[in-house]
Amino acid sequence: MVKDKVLRFVLGDQLSRWISSLEDARPDTDVIFMAEVMAEATSVKHHKKKIAFLFSAMRHFAENLRDEGFTVDYLCLDAQNSPGDFGSALAEAVERHDAARVVMTEPSEMRVLEAAESWREELDVDLDILADNRFLASHEDFVSWATKDDGGQPKSLRMEYFYREMRRRTGYLMDDGEPTGGEWNYDAENRKSLPDSIKVPKRPEFAPDETTRAVMELVADRFDGHFGDLEPFDYPVKAKDAKAYLDWFVAEALPCFGDWQDAMKQGEPLLFHSHLSTLINCGLLDPRECCEKAEQAYRDGDAPLNAVEGFIRQIIGWREFIRGVYWLKMPDYANSNALEATRPLPGFFWTGETAMNCLGQAISETRSNAYAHHIQRLMVIGNFCLIAGIDPREVQEWFLIVYSDAYEWVEMPNVVGMALFADGGFVASKPYAASGSYINKMSDYCGSCRFDVKQKSGEKACPFNYLYWNFLSENEKVLKKNHRMGLIMGSLGKMKKERLEEVRTDSERFFDSSEMRVWDESASG
């Protein structure tokens, strides 16, 4: 008898029915294999909610495939004699089903792809690794765009130009070959402070079903020492619920998203943000569908152009660009540290217990929700890590641990390139460093803080104020070469010696304070 059975291996962030590994799947000859393995759940000590979300979403996805008539071999983490890693689990599945061939979609992280390449040698059958068709730009597309005529790489890449190319290619918000409204980017209209009177829409809740509750019990039992809160859990884990959440966002939150996408408000972690990145990155939502529904809202007059353009830019601009940078620059990119930052990550990153209210809010919300929106990540958490000189590798690990939408391909370039300027300007044209005045302008955090954002020096001064100038001083040799930093570096050069010494004294006092104490059991609950 000739073997013709195909084993289709689907990873936990590949929960898309349209993904390349399942496009031509046949219920009569193919078996779909999925596995929860300890090696992945503990590759870093992932947030409890992230593990619960992915395991539940995986189990629901498997049920959907069974409803289509597929044979699904699903390995639960708590199954008896469960293999601890993907390679062992896959090898046993091949033998169990007498498979003739294994088909999978390319893993999103280099670590897993390298492991998959090794499986080719270890398995007794062929392993086909297909391109991930959920992204709009292939690896080859990005390399072609990012490469010089002589085949080399430029010293820097700018998302804006890649984004314009993606707009032309996809046709999103394009009219007769020109950008809708006459401009490519409406970011300048998306930086408004949030009025006290604004009403934040109530979000739909998705109560845990029996499957999710079983996963939550598993996570509580096996991963109790991991970061974050497991409950309450009300996030969509099914494809139909994910689409319902997208529809809700487009109808209720997208119209206000543009004006206030950079705003922050105490006790309101979501505001008008989509909260869809976790669903897109694991495959429950198609990025194309997200863009198309948002654009249709604009065409129908239901959402303004600045909101829709900003949302689409996040998906076909930043998301695709960041993924391209990851595969272009790895593996060396992981160790980038252009500013030679070496201070350890403070312990309050694991507890949220800090006198700096902005950081306390952003980190506590991260503990609760496995989520913080992009300005909290970049201009509060990332900004602090930048101006405090925190080691980029420690910041990368923290971001990968705490957010449900974090995978190395998206987390690393955002931290290394955007938040920390650790790549020396390959991604960002200048460091995203700011004093407390920016946070005060864009949030209501400062009014409830022990520190005074208007004081520039002394024990009561906002630490962001003196750390900002200390950062510029510590990195003067590097930053004065940056043409976009000319004005502020000129101001640093004119600063009186007495004032500069004050900045250094305040900064050293802060670095020696309990705020910067390192917690030995950093990733425990």
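User: What do the buried residues of α6 pack against?
Analyst: The buried residues of α6 pack against α5 (139–146), β6 (174–175), β7 (178–179) and α11. Here buried means under 20% relative accessible area, exposed means over 50% and partly exposed lies in between, with a 1.4 Å probe and protein chains only, while contact means heavy atoms within 4.5 Å. Helices (H or I, at least four residues) and strands (E, at least two) are DSSP runs, numbered from the N terminus.

User: Before we go on, what kind of model is this?
Analyst: This is a predicted model, in which local features need pLDDT of at least 70 and side-chain atom pairs count only at pLDDT 80 or more, whereas totals for chains, interfaces and linings use all residues. Residues are numbered from 1 along each chain as its sequence is written, and side-chain values use heavy atoms, with hydrogens and water left out.

User: OK, which residues of α6 are buried?
Analyst: In α6 the buried residues are Met159, Glu160, Phe162, Tyr163, Met166 and Arg167. They lie on the same side of α6, because they cover an arc of only 160° around the axis, the arc being that of the directions from the helix axis to the C-beta atoms.

User: Switching topic, is histidine 273 buried or exposed?
Analyst: Histidine 273 is buried, with a relative accessible area of 4%, and it is found in the loop between α8 (239–257) and α9 (277–282). Not counting residues up to four places away in sequence, histidine 273 touches Arg203, Phe249, Phe257, Gln261, Tyr371, His373 and His374.

User: How many residues of α13 are buried?
Analyst: In α13, 10 of the 13 residues are buried, so this helix is largely enclosed by the rest of the structure. Its buried residues pack against α12 (348–351), α14 (374–387), α15 (392–402), α17 (436–442) and α18 (463–474).

User: What span should α13 have?
Analyst: Helix α13 (residues 357–369) should span 18 Å at 1.5 Å a residue, and its end C-alpha atoms are 18 Å apart, which agrees. The expected span is 1.5 Å times one less than the number of residues. After α13 comes alanine 370, whose phi is positive, near 55°.

User: Now the sheet: what is the order of its strands?
Analyst: The open sheet of five strands has the order β3-β2-β1-β4-β5, with parallel pairing, where two strands pair if DSSP finds at least two bridges between them. Its edge strands, each pairing on one side only, are β3 (71–75) and β5 (126–130). Neighbouring strands of this sheet are turned by 25° against each other on average, direction ignored.

User: Which helix packs on the sheet and touches β2 and β3?
Analyst: Helix α2 (residues 48–67) packs on the sheet, touching β2 (30–35) and β3, and its direction makes about 160° with that of β3. Axes are lines fitted to C-alpha atoms, for helices over the stretch in contact, and angles run from 0 to 180 degrees between N-to-C directions. Helix α3 (residues 86–97) also packs on the sheet, touching β1, β2, β3 and β4.
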